[in-house]
Amino acid sequence: MMQRRELLVPVFANWLVIPAIVALLFGQFISPAGASNLLSFGKSTKRVEMTAKNPTVEMDTNKGVIRIEIFQEEAPRTSKNFLDLVERGFYNGIVFHRYEPGFCVQGGDPRGNGTGGFIDPATGRERTIPLEVTPKLRHSEAGMVAMARSNDPNSASSQFYFTLGPASFLDGQYAVFGKVIDGLNVVKELRKGDKMNKVFVLSEAHK
């Protein structure tokens, strides 16, 4: 059954307005649970610094070029899944299907409607990965990159999102695995229907 994921997101219009709660949808299939040994999430303000060991992915969109550092060491399973899809050319031609002002831009669904994922040709089934979170990787600012999923924590497949501002209420629930290091202005210009023309690994991680 196809179903979208609902997120409860605090919205602050300005300092005079009482915060409200609105539901925003992250689309994806509800998939069978993956591995059960998940990384625990704790409270920390430590941030991951860029390192030469991390690969960079370049995303050429119709709005411009975005470069993303992939935190391969801090989120190995999530990074491996994303890099594999990039190397397969999976994201080439896929659109961003969701835009929420001040919150996120979401893409990576081959169906373009928020319900799709990557179908592994080797198995004929949707490939999903277990939730991978760490206190080192947080939704701390605009330009963080994380995996979208359904209400099953282990259902992330190919859909990802860029944050458009701090979103700490998602920490520990969604797997952050990268950060925009160039082209944040392009990310902020993305809207529903914009396209990823070509996505590729710009530099490999150092051995």
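Predicted model: local features only at pLDDT ≥ 70, side-chain atom pairs only at ≥ 80, totals over all residues.

Biologist: How many helices and strands has the protein chain, and in what pattern do they follow along the sequence?

Modeller: The protein chain has 2 helices and 12 strands. Read along the sequence, these elements give the pattern β-β-β-β-α-β-β-β-β-β-β-β-α-β.

Biologist: Which residue in β4 is the bridge partner of Thr56?

Modeller: Strand β3 spans residues 56-61, and strand β4 spans residues 64-70. A hairpin of 2 residues joins β3 to β4, and the two strands pair in the antiparallel sense over 6 bridges. In this pairing, the partner of Thr56 is Glu69.

Biologist: Is strand β3 mostly covered or mostly uncovered, and how many of its residues are buried?

Modeller: A residue counts as buried when its relative accessible area is under 20%. Across the protein chain of 207 residues, buried residues make up 49%. Strand β3 is mostly covered, with a buried count of 5 of its 6 residues.

Biologist: Which residues have the most contacts inside the largest nonpolar core?

Modeller: In soluble globular proteins, nonpolar side chains tend to be buried together. Here the largest nonpolar core has 42 residues. Phe162 touches, among others, Met59, Ile66, Phe96 and Leu190. Those with the most contacts inside the core are Met59, Ile66, Tyr91, Phe160 and Phe162.

How values were computed:
Residues numbered from 1 in each chain as written. Heavy atoms only, no water. Buried < 20%, exposed > 50% of the residue type's maximum accessible area, 1.4 Å probe, protein only. Helix = DSSP H or I, 4+ residues; strand = E, 2+ residues; numbered from the N terminus. Pairing = 2+ DSSP bridges. Core = buried A, V, L, I, M, F, W, Y, C linked by side-chain atoms within 4.5 Å. Contact = heavy atoms within 4.5 Å. Lists of a residue's contacts leave out its neighbours within four places in sequence.
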